[in-house]
Amino acid sequence: MRDRAATRALVLGLLALWFGIFAPFAIWSGFRSWRRIRASDGELKGAASAVAGLLAGLIGLATMVIGAVYWLTA
Amino acid sequence: MIRRIALELLILAVAVLTYPGAVLTSLATRVIPAPAASPGPSGALAWLHVAHPAGGRPFIADDQGRLVLLHGAIPASLLEFGPGTAPVYPLDTAAYADRMCPANSAASRYPPLCQDDLDAMARLGFNSIRLPLSWSLLEPERGKFNASYLDRVAQIVDWARELRMYVIVDMHQNAYSHYVGAGDSTVDLSYDSGAPKWATITDGLPSHVVDKQRELNAAVLEATTNFWYDRGGIQDEYLSTLAFVARRFRDDPVVAGYSIYNEPLPGWSLPPGFEDLLLFPFYRRAIDAITGAHDGLPCWSGILMPAVCGYRDLGVDDRRHLIFLDAGLLRQVTDFPTHLGMPVSSYPNVVLSIHAYTHIFTLDNLLPQLVSKSSYPWGGYDQSYSLAEREARAMDAALFVAEFGNAPSDDSTILSAQVLEQEKHLTGFEFWPWKENGSGWGVYNPPASTSDSSGCLRASRERLLARVYPRATADLTASFHYDSTDGGFTMRGHGRPGDPATVVYVPPEVTGQVSVDDGVRAVLSQETDGSRLILASPSGGDFVIAVAPTPLALAGC
């Protein structure tokens with residue numbers, strides 16, 4: 001069975017690359033899904049999507065932070 | 001495992017094509033060496049550049065490093081508006097030789113631009129003009145450029161040279177193009193200008209204007225979107241056109257620089273993605289094309305180029321002129337930054353242009369409110385300027401008000417507030433428009449008959465625009481104030497012995513006595529047009545330059 005949060009994390013992660021505001025939600029969703037999938041002993045699927053969503057969220061968050069810090073310190 | 005790697009590669013690819021790639025490309029311009037500039041040939045005027053003081057806001061500077069303030073107006077008669085498909089006034093320079101001037105035409109919303117117009121601008125103390133051009137006239141057929149149009153521009157540049165005025169060449173557009181389609185009765189193509197017919201791709205969408213806003217037209221939005229997405233390589237053609245213009249004036253310091261794209265409309269895209277992923281990367285590519293800067297990654301052209309893409313050197317190698325970058329149109333509507341505010345290019349001579357239309361095109365104007373009781377902008381007139389200062393600093397660009405204007409009935413509120421903000425923020429301006437037929441916003445009244453190019457000079461405009469102001473100063477912390485009600489002027493600054501002189505312009509309308517304190521040694525130059533120039537050389541420490549209040553000698557009506 002596929003963990004639905006994994007797909008959600010992937011979608012949120014892709015959105016976070018355009019709109020940084022989605023990044024925290026992608027990270028939260030991706031991390032929780034990944035933990036759940038690991039703890040399920042193979043019962044839950046979707047680890048690739050969860051990790052990809054998590055990665056995209058982290059990239060989106062880093063971009064947002066870099067942009068904000070640059071703006072505030074310029 | 002393969003699925004996981006594929007997804008991660010997908011994420012990385014999307015990241016490169018979206019904000020992460022755009023931000024990294026912008027930040028990379030801070031570490032890429034700026035393209036080397038060589039001193040240009042000397043001319044009637046000093047070459048302008050953007051100075052970048054450590055810890056301070058970049059500013060437009062002359063060859064002595066002084067902050068330069070440009071004041072000017074925008075004559076619009078070189079633009080091609082609809083519904084016709086040919087310019088109303090002749091492009092042949094012979095029609096304007098020896099101070100000749102073609103007859104005004106009711107077919108144009110603007111009178112012809114003639115040499116006497118530049119004289120009149122100079123008499124108001126303007127030291128620059130912003131000269132809007134139409135892409136439809138520059139490249140009427142794909143790949144075929146119109147040299148006679150540039151001859152006409154060069155003629156105006158020569159007139160400006162005689163008067164020691166700078167020219168900002170402006171690649172203009174309004175609602176993308178007058179070739180978007182006549183559509184129904186809501187469409188008035190006499191307000192539209194810009195792209196040639198072959199570059200106006202509307203995909204058959206209907207031309208219908210919503211709420212009398214020329215930009216709120218599906219055909220306009222579609223054609224604009226197709227431009228930003230480089231459909232059929234039309235953006236590449238635009239860059240070639242820009243290079244065609246820049247090549248002509250490469251060695252001419254009278255041309256202060258180029259405005260790449262007027263009031264960029266996002267089309268169907270939304271901010272901030274439009275500005276950060278389409279508009280400013282387009283600006284970077286334009287700068288790459290004409291300066292030879294190599295910002296951004298080498299990419300394909302002819303179809304959509306992502307934000308990380310740079311552009312090939314088009315062989316102009318113009319590394320001296322200023323590049324004026326208009327913020328997106330929605331910034332003008334909100335008086336609020338609609339982009340991330342990242343550096344655009346390693347090329348140092350970048351100027352952020354804002355169009356200041358507070359209470360005219362800002363959101364509050366959608367509501368029936370008095371200007372004095374407007375609910376927006378919350379920060380009043382200063383909101384746009386204070387935020388623009390921050391944006392310019394973040395972009396490592398100078399700040400300039402490339403366009404502002406208002407109905408004459410709003411001069412005592414809007415115009416007087418705008419010029420005070422410009423003083424406060426040490427920015428120059430270009431007033432829209434210089435002259436206009438019909439009941440418009442021109443500096444002059446409309447002509448009483450079609451044979452005249454204008455009526456009389458509007459006294460309220462003369463009072464507020466013919467100002468005492470420092471044209472150049474070495475003191476970046478200087479402050480000044482001109483009181484347009486009584487002609488009084490005070491400038492306070494600080495200087496060291498040997499600093500270049502501060503030059504203060506006093507228009508003929510202002511007749512008050514000039515005084516300075518011991519901080520400067522001043523020479524007063526009486527000019528033939530009745531204006532005065534104060535050349536104040538610092539002798540060390542704080543200084544004050546003042547003009548005593550005296551009733552203004554207005555010539556207008």
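Trainee: How many residues of chain B are in contact with chain A?

Mentor: This is a predicted model, in which local features need pLDDT of at least 70, side-chain atom pairs count only at pLDDT 80 or more, and totals for chains, interfaces and linings use all residues. Residues are numbered from 1 along each chain as its sequence is written, chains are lettered from A in the order in which they are written, and side-chain values use heavy atoms, with hydrogens and water left out. Contact means heavy atoms within 4.5 Å. On the side of chain A there are 20 residues, and on that of chain B the number is 24.

Trainee: Which element gives the most to the side of chain B that touches chain A?

Mentor: The elements that give two or more residues are helix H1 (2-17), helix H2 (19-28) and helix H10 (381-395) of chain B. Helices here are DSSP runs (H or I, at least four residues), numbered from the N terminus. With eight residues, the most comes from H1(B).

Trainee: What is the area buried between chain B and chain A?

Mentor: Buried area is the accessible area (1.4 Å probe) that two parts lose on being put together, summed over both. Carbon and sulfur atoms give 78% of a total of about 2100 Å².

Trainee: In S12(B), which residue is the bridge partner of B:Ile354?

Mentor: Strands are DSSP runs of E, at least two residues, and two of them pair if DSSP finds at least two bridges between them. Strand S11 (residues 350-356) of chain B and S12(B) pair in the parallel sense over six bridges. For B:Ile354, the partner in S12(B) is B:Val401.
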